[in-house]
Structures are given as C-alpha cells and as structure tokens.
Amino acid sequence: WQQVGSRQQLLSLLANEDSLQACLASILTRQLQRFRQQVYLFPEALYELERLRTLQVVTAWLHSAETLRADFAVDTIEKRQTLHLGGLALNLTVDRVDRLADGSRGIGGYKTGNKTTSVWLGQRPEEPQLPLYALLDAVQPQGIYFGIVRPDKIQWQGLQAKETPFSDAQLKTVNPPAEGWSGQVAAWQQTLTAIAEEYRAGVASVTPINTSVCQHCHLDPVCRIKELGDVGD
C-alpha cells in the first residue's frame, strides 16, 4: 500500500499480471529475508514453499476482497498514536486507515485465524485492539474492519455506520451494529475504560471469558477454579 495507494491504482496494477507479480515478488523477497532471521525451517525448500503460499494467498486477496470494495484511498499505514483511557496511556500502532468514498475514515487490519466481529462485543471484548482504535478522536473512523486472509477463506468482517460506503457487493459480514455506530462506540468507551481501570487498580480475579482459556494456562496446578465448578474436567 506504500506503492499502491488507492483502489483505482490497485485495479490498474491488477490489470497487468506481470507488474502485479513483480511488485509482490519484490515485497516478499524483503519479508522473507526477515522471516529467515526469525524462523528456522528445514529443509531449505520450505522457505520457497512459504513464499509461494503467501504469494498465492495475497494475490487472491487483492483480486477477491479489495476490488469488491467501494472506492478508497489508503490514508496512513502503521501510524503510532497514544490513547489515554482509564488512567492508562496506551501506545497503539494503527495498521491501516483508509479514506472512504464519502470522505470518512475506516480502520482495518488482517487476520489469518477464523474470527468474527463477535470478538469485539460484550463486557469483556476478546480482541479489543480495533475497538480501541475506534476511540482515537484524531482518526474519527466510521467503521472498523479486519480481513481474513487464508488459503481457504478470504473475507472482510466489520462493523460500521449504516451509511458508510465500504463494499459494492454489500457483504453480509460488514454490517452496522445493532445499537448503531455511535451507540457501539459509546459502549466500547464504557467497557474498555472499565477494563483499563481494573488493570490499573491491580484487579486480577480468575474470571476467564470462556473455558477454553484454561486449557492453555500455565497456572493450572495452583488454580482452584475447577473446584468451583466453572471449568469441566
């Protein structure tokens, strides 16, 4: 997106397969060098397989997901900002902010797991990163989105204001919240502030969101939550 800053520029790039593959190959070469320093794979051929897999997934994503959207321009990438919430100063790196067709802003990110927007909801959101971004006044977003980028699934998930243009195809996975966008942002402000205040006060009660969390906890030998009947054997 540093080279291709808008949907229209992307469409032009996608129209020339040689230029697209050259652009992606250059990016992947740089990233694979970093990957080699972080992850050891044996045999050596696994690195090439990883490169080919990533190239195929990203190519499919650009063709299938980004082109289905209404016009947009990428405003900022990995912008660092500070959010003051509940007495905490949170240093955030906003993955991507798009300027949408109506001039509003949308905040996006990517996932390789199979998630839905339900991870943003409730009194204790499971993944609060993007909802936190929605509270950054300087950005004033009208929607938050993540793209599921997988070999077996390419899809946008998001919550946005009812009138916000995002997808020409009106994807079912990008919808207004039940209480409206303003109501949802207000709810995030309340719930995330409460969590920040608890953290700052040192509250550390054993209250997992769901029982699957306990399966990966290293404190199982000293925890008594099972004796309370909250987690099955």
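Visitor: Which residues make the nonpolar surface patch of about 240 Å²?

Guide: Leu46, Leu49 and Leu52 make it. Patch residues have over 30% relative accessible area and no salt bridge, and nonpolar side chains (Val, Leu, Ile, Met, Phe, Trp, Tyr) are joined within 5 Å. A salt bridge puts a side-chain nitrogen of Lys or Arg within 4 Å of a carboxyl oxygen of Asp or Glu. Areas are Shrake-Rupley, with a 1.4 Å probe. This is a predicted model: local features need pLDDT of at least 70, side-chain atom pairs 80 or more, while totals for chains, interfaces and linings use all residues. Numbering runs from 1 along each chain as its sequence is written, and side-chain values use heavy atoms, without hydrogens or water.

Visitor: Is Leu49 buried or exposed?

Guide: Buried means under 20% relative accessible area, exposed over 50%, partly exposed in between (1.4 Å probe, protein chains only). Leu49 is exposed, at 53%. Leu49 sits in helix H3 (residues 45-66); helices are DSSP runs (H or I, at least four residues), strands likewise (E, at least two), numbered from the N terminus.

Visitor: How many residues has the largest nonpolar core?

Guide: In soluble globular proteins, nonpolar side chains tend to be buried together. A core joins buried Ala, Val, Leu, Ile, Met, Phe, Trp, Tyr and Cys through side-chain atoms within 4.5 Å. Here the largest has 26 residues, and Ile107, Trp120, Ile144 and Trp188 have the most contacts inside it. H5 (181-201) is among the elements giving two or more residues. Its share, five residues, is the largest.

Visitor: Where is Ser182 found?

Guide: In helix H5. Ser182 is exposed, at 62% relative accessible area.

How values were computed:
Patches are made of residues with over 30% relative accessible area and no salt bridge: like charges are joined within 9 Å, nonpolar side chains (Val, Leu, Ile, Met, Phe, Trp, Tyr) within 5 Å.
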